[in-house]
Amino acid sequence: MSKNQIKWSCILLSIIGAVALLYPTVNWYSLEPAERARQESFRMRPKFILNLGLDLRGGTHMVMELDVSKLDPKADINDAMARAIEIIRNRVDQFGVAEPLIVRQGQRWIVVQLPGITNSAQAKELVGKTALLEFRMVDESETAQKALGKIAELGVSAFNGTKVSTAAAKLVPEEDQLYAGKESALYMLKKDVPLTGASLETARVETAGGDYGMPVVAFKFKPESAAVFGTLTGANVGKHMAIVLDDIVYSAPVIKSRIGGGSGIIEGQFTADDARNLAIVLRAGALPAPVNIIEERTVGPTLGEDSIRAGITSSVIGLILVILFMVAYYRLSGMVACMALGLNFLYLAACMAYFKFTLTLPGIAGMILSLAMAVDANVLIFERIREELRAGKPVRMAVDQGYDRAFTAIFDCNLTTVMTAAFLFQFGTGPIKGFAITLILGIIMSFITAIYVTRLIFESYLSANPVEELSI
């Protein structure tokens with residue numbers, strides 16, 4: 001096998017590999033939206049796929065601020081931010097969102113982008129819930145119940161927002177705390193908190209066990225806490241134990257007997273989605289402090305489709321104009337450059353699918369810019385070859401010297417662009433990073449196709465044919 005045949009075999013194999021890598025992406029986006037959503041809900045999304053970003057697919061964008069005033073004064077804010085980001089990421093991952101973006105911005109802000117999630121209320125409920133779960137005993141003493149009756153007789157709300165009103169606070173016994181129930185009831189609970197959500201081992205949704213078939217959240221404590229739960233229930237048989245989530249009493253069932261094994265349920269007139277979200281936040285843990293949503297935007301899928309359509313239209317028009325110019329100005333050599341351009345796009349898309357990158361509008365801009373630089377490289381090479389031909393050199397020598405002399409200029413130009421893109425990637429945020437990645441990958445691919453592949457085509461053609469004049 002000759003040297004050129006080996007090179008052609010490598011190119012053929014790389015094309016087959018690129019097509020194989022892109023097949024799952026093409027197959028996935030050929031599905032109906034409802035079928036894609038169904039497969040995503042069952043975690044059947046292909047492993048190697050080119051993901052679409054928020055601006056192309058639609059979804060929810062939120063900027064959240066960690067309420068550091070609720071942290072312990074000695075707490076490390078950087079550590080709290082890192083924990084909050086990790087907990088939000090765990091919740092989003094369990095919810096099944098593909099390619100979410102969750103990054104820190106500034107000292108206290110967290111940017112959350114959820115592609116495909118257009119129900120902003122559901123998204124806020126998922127990522128913003130504090131999920132502070134507590135198990136407290138209801139104070140059923142005569143003193144506590146009399147206090148509760150007097151508070152009810154006040155005739156005004158016992159709460160100012162989330163805080164107990166001044167009038168109600170004066171009536172609460174020293175060893176108790178007043179809580180609101182999910183259904184407007186008031187509960188007098190002991191201050192002591194025997195168990196919290198930090199002791200949970202798992203939480204899941206069950207459709208059996210609730211009233212009228214309503215879903216419930218079943219939980220199980222870690223082994224060491226299960227013993228505490230067993231002791232607590234054994235010592236308080238016949239009394240009510242309140243399950244408090246984010247300062248709201250979800251239920252206060254009667255303990256009928258000692259509960260061994262550390263398992264229980266949370267009831268609360270949940271819908272299936274409510275129960276699922278609650279189970280997720282309980283499994284992922286509680287945020288170190290509440291987060292406030294300071295910016296919220298919903299990008300509709302229609303806008304994403306419009307962006308894709310406009311991007312494809314402009315790319316096709318630009319590509320046709322480039323091909324016409326190259327063929328008209330450089331004739332057959334221009335067609336060689338266009339073939340390399342197509343190969344460049346194929347390699348770039350396959351590479352992005354393999355690394356599971358997310359394609360955004362800035363990413364498309366980076367891709368188009370890299371293709372333009374690939375055309376520039378071929379223009380530079382062809383002009384050098386023309387100079388050599390005008391100097392009266394044979395075709396084979398003119399091609400060799402044209403590539404050799406253009407290489408340094410192309411290399412310097414691409415190197416400076418890659419360095420610039422590397423700085424953009426290092427110091428930029430989401431969309432800027434996407435632009436930088438596609439630009440860097442595109443330049444690497446253009447270096448391969450515009451120099452290596454086109455030169456191989458010329459060498460193979462000149463070796464097989466006695467050429468006196470080159471169509472360039």
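This note goes through several features of the structure above, point by point.

1. The model is predicted, and local features are reported only where pLDDT is at least 70, side-chain atom pairs only at pLDDT 80 or more, while totals for chains, interfaces and linings use all residues. Residues are numbered from 1 along each chain as its sequence is written, and side-chain values use heavy atoms, with hydrogens and water left out.

2. Six strands make an open sheet with mixed pairing, in the order 9-8-14-13-5-10; strands are DSSP runs of E with at least two residues, helices are runs of H or I with at least four, and both are numbered from the N terminus. Two strands count as paired if DSSP finds at least two bridges between them. Strand 9 (186-190) and strand 10 (195-196) stand at the edges, and because each has a single partner strand, one side of each has no neighbour in the sheet. As background, strands of a sheet pair through backbone hydrogen bonds, either parallel or antiparallel.

3. Strand 8 (residues 176-181) pairs with strand 9 in the antiparallel sense, over five bridges, and tyrosine 179 stands opposite tyrosine 187 in strand 9. The hairpin of strand 8 and strand 9 has four residues between the strands, and in this hairpin serine 184 takes a positive phi near 70°.

4. Other backbone angles also deserve a look, since most residues other than glycine have a negative phi. Arginine 331 has a positive phi near 50° and lies in helix 10; its relative accessible area of 42% makes it partly exposed, where buried means under 20%, exposed over 50%, and partly exposed in between (1.4 Å probe, protein chains only). Lysine 356 has a positive phi near 55°, lies in the loop between helix 10 and strand 17 (358-359), and is partly exposed at 33%.

5. Helix 10 (residues 301-354) also holds leucine 324, which is exposed, with a relative accessible area of 52%.

6. Serine 370, in helix 11 (residues 361-390), is buried at 0% relative accessibility. Leaving aside residues up to four places away in sequence, serine 370 touches Asn344, Leu348, Thr438, Leu439, Gly442, Ile443 and Ser446, a contact being heavy atoms within 4.5 Å.

7. How many disulfides does a search of the whole structure find? The search finds zero, a disulfide being a pair of cysteine sulfur atoms within 2.5 Å. Cysteine 351 has its nearest cysteine sulfur, that of cysteine 10, 17 Å away, and cysteine 351 is buried at 14%. Cysteine 413 is partly exposed at 41%, and its sulfur is too far for a bond because the closest cysteine sulfur, in cysteine 338, is 19 Å away.
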